[in-house]
Amino acid sequence: MTTFLRQLTSLTTHFIRVELANLERLLSPILFSTTILILFFFAFSPMDQEVFVKVYIAQTFLSMFFALQIGFARIFEPDDQDDAFTLLRTYKPIPEAWFLSKYIVITLFGVLVISSTMGLSIFFNQSINISVASWSVFLVAILALLGIAALGLLLSAMMLKADAKQILYPLLYFPLTTPVLLAAVQCSQEILINNMSLSELLSSWLGLLLVFDAIYIILSTLLFGELVKSE
Amino acid sequence: MRESKDILAGLIGLVLVFIGWWYAFSFTPVDAQQGAVYRIIYIHVPAAASALGLCSLGLLVTSIWGLLKPSEKILQASRSWVEVGLIFTTITLLTGSIWGKSTWGTWWTWDARLTTTFLLAILLLAYLLLYNSLRQGKQRIRICSVLGILICVDVPIIYKSVSWWRTLHQPSSIIEQGGRTMDPAMYNALLLNIFLIAIFSTLLWMIRFKNLRLHDQMTQDSFEGVS
């Protein structure tokens, strides 16, 4: 247990340093989500107030979803460049510690993407007299992130040896994350349109979101070790 | 000799499927609301049951097995289930589309079950693409097994999508709480067809599995011949 925690702490610190050393890797998904948001606003404005909330949720979640995919797909790039996979054959970390450290880093990065996308989306919507700023929706987005980050990380590890990873990654990422995204969007609609609370949603969409989070986190933690085993 | 056995197995499977359809078309009443067009369920539902039930179960079992005891043989068993599953998922989507045109008035709508079934077809196709983009070895077996397990997670969503989302697709009328809503003659014909298509799927899987093994053997022999 001590070895596990020691490895988890040192790997997490190392991965955060690596990400911070390459700020363009951190900033490019945020810029990408901003660009998509601008395109959405330009395409949909002016908007009927009735459909406004639905469009706001769709455009915010889709922008985050696309931007996160870029971040997830590149999470093993530094390890690949530094020949970490070859070096790890001689000193193997506990796979779960390796997975969780990457997971912590990618979740922190995801929180940054979500905060900036939601902040910008709220800012761009100031001209319409409907308040869309909600901590509950932010929490739902974070819960969605927990599930798709685990899956995104697992898929990224799967794609390390694939020839056509640029095509295959989105082909697997989008269909597999659909249940989480659908549950998050439906939860947000219930919160913003029907003024439902999170506790009320626990028996329906929020419950489904949590179930999928649990499935993806557990499966990814268990299966990651299989993917980084040597031949 | 081996080839003629496979052809015979395939023909037996086809004959069984036609017997099932002949029974369903001859001995079941016409639906009061939908007329004769409802009979497409004798192709649509068994194909869906085969894709979501048998093939998914086969994929799940072989994928878990592939992780526990990685071997090329077990990977080919998984791949065969994916291919058979893809065939039956495509049949499900096509027959559903034809049925949709006559009952809902449209070939396609973004209904929850249609969307999730379509996503399953994409995932099965992606499995085959991933399989082809990886080099032979234990790593490929592990990666494909992990993906196989992830795909199987999608199956309960497709099954429950009709009750989770308010959709156009009719709710389950075979396995239902509070009794069946189906005429007994229709129900028996449907069960017979599900059973026969399951046999046909298994035969298809066996033939495809043998073909893949043979292909693997030939590739290995040709490499040994060169070296």
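Student: How many of the residues of chain B count as buried?
Tutor: In this predicted model, 35% of the 227 residues of chain B count as buried.

Student: What makes up the fold of chain B, helices or strands?
Tutor: Chain B has 6 helices and 0 strands, and its pattern along the sequence reads α-α-α-α-α-α.

Student: Why is α2(B) called roughly antiparallel to α3(B)?
Tutor: The axes of α2 (residues 41–68) and α3 (residues 72–103) of chain B come within 8 Å and cross at roughly 160 degrees. Angles over 145 degrees count as roughly antiparallel, so α2(B) is roughly antiparallel to α3(B). The crossing of the two helices, α2(B) and α3(B), is left-handed. Their contact has 16 nonpolar, 13 polar and no charged residues.

Student: Which separation accounts for 78% of the contacts in chain B with a separation of 6 or more?
Tutor: Pairs of residues 24 or more positions apart account for that 78%.

Student: How many residues of chain B are in contact with chain A?
Tutor: On the side of chain B there are 20 residues, in contact with 19 residues of chain A. The elements of chain B giving two or more residues to that side are α4 (112–133) and α5 (138–164). Of these, α5(B) gives the most, with 10 residues.

Student: What classes do the residues on that side of chain B divide into?
Tutor: The side of chain B that touches chain A has 15 nonpolar, 3 polar and 2 charged residues.

Notes:
Residues are numbered from 1 along each chain as its sequence is written. Chains are lettered from A and ligands numbered from 1 in the order in which they are written. This is a predicted model: local features need pLDDT of at least 70, side-chain atom pairs count only at pLDDT 80 or more; totals for chains, interfaces and linings use all residues. Two residues are in contact if their C-beta atoms, placed from the backbone, lie within 7 Å. Helices (H or I, at least four residues) and strands (E, at least two) are DSSP runs, numbered from the N terminus. Ala, Val, Leu, Ile, Met, Phe, Trp, Tyr, Cys and Pro count as nonpolar, Asp, Glu, Lys and Arg as charged, and the others, Gly among them, as polar. Axes are lines fitted to C-alpha atoms, for helices over the stretch in contact, and angles run from 0 to 180 degrees between N-to-C directions. Angles under 35 degrees count as roughly parallel, over 145 as roughly antiparallel, 65 to 115 as roughly perpendicular and the rest as oblique. A crossing is left-handed if the near helix is turned anticlockwise from the far one by less than a right angle, and right-handed if clockwise. A residue is buried if 20 or more other C-beta atoms lie within 10 Å of its own, exposed if 12 or fewer, and partly exposed in between; C-beta atoms are placed from the backbone.
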